[in-house]
Amino acid sequence: MSLLQNWRDIAYNQEADKRELQKFWTNYFLIEKNIYEQLLSNPDEVVKGTVKELAEKYKVDVMTMVGFLDGINDSLVIPNPIEEMEEDTVVTLAYDKELLYKNMVDAKADWLYNLPMWDEIFTEEQKKTLYMEQKKSGTVIKGKKIGRNDPCPCGSGKKYKYCCGKNA
């Protein structure tokens, strides 16, 4: 079984005691915050190494590092092969700063997108713009409803009810 599958089995265990799972996630989020603080303190450094080396570098166990890599993967310039990742797999943490910020906003992880390190990377205005872009990206805007007697939008010149709306 892959490391990622082991992580997901532990982290999303439906049979686990709810309090234990809550403690697990609270602990994980503190560790995750600590790793992000270190990463964001030097945003232009490209961190690279095996999964085990990164776990040692950030003083966490391998499973926790796998969880972190799973979480950050969508924000990386080149995603890591997390599905078949093993302890000796070389991974990189070269992240897209704007994408990482937006993904933190999307995850509603205010303890991450409000880290003081972001102030060194983006201005207050840039952070606000990125925040709003992410929030708007999830908003669905419906177009104007076509009435039965309106001209058909396909351009046939017929009424909608006699054309494309016939079987609607």
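A salt bridge is taken here as a side-chain nitrogen of Lys or Arg lying within 4 Å of a carboxyl oxygen of Asp or Glu. The structure is a predicted model, in which local features need pLDDT of at least 70 and side-chain atom pairs count only at pLDDT 80 or more, whereas totals for chains, interfaces and linings use all residues. Residues are numbered from 1 along each chain as its sequence is written, and side-chain values use heavy atoms, with hydrogens and water left out.

A search of the whole structure returns eight salt bridges. One of them joins Lys57 and Glu45, with an N to O distance of 3.9 Å. Helices (H or I, at least four residues) and strands (E, at least two) are DSSP runs numbered from the N terminus; Lys57 belongs to helix α3 (residues 51-57) and Glu45 to the loop between α2 and β1 (48-50), so the contact ties together parts that are 12 residues apart in sequence. With buried defined as under 20% relative accessible area, exposed as over 50% and partly exposed as in between (1.4 Å probe, protein chains only), Lys57 is partly exposed at 41%, and Glu45 is likewise partly exposed at 35%.

Asp70 forms a salt bridge with Arg8, in which the closest N and O atoms are 3.1 Å apart. Because Asp70 is in helix α4 (residues 62-72) and Arg8 in helix α1 (residues 3-11), this pair ties together parts that are 62 residues apart in sequence. Asp70 is buried, its relative accessible area being 15%, while Arg8 is partly exposed at 29%; both residues are also linked with Glu83 in a network of salt bridges. Within helix α2 (residues 18-41), Glu20 and Lys23 are three residues apart, a separation of about one helical turn, and their side chains meet in a salt bridge at 3.9 Å, N to O. Glu20 is partly exposed at 45% relative accessibility, whereas Lys23 is exposed at 55%.

Aromatic pairs were assigned to rings of Phe, Tyr and Trp (its six-membered ring) with centres within 6.5 Å, planes under 30 degrees apart counting as stacked, over 60 as edge-to-face and the rest as tilted. By this rule the count is 15 aromatic pairs. The rings of Trp7 and Trp25 have centres 6.0 Å apart and planes at 80 degrees, so their arrangement is edge-to-face. This pair links distant parts of the chain, with Trp7 in helix α1 and Trp25 in helix α2, 18 residues apart, and both residues are buried.
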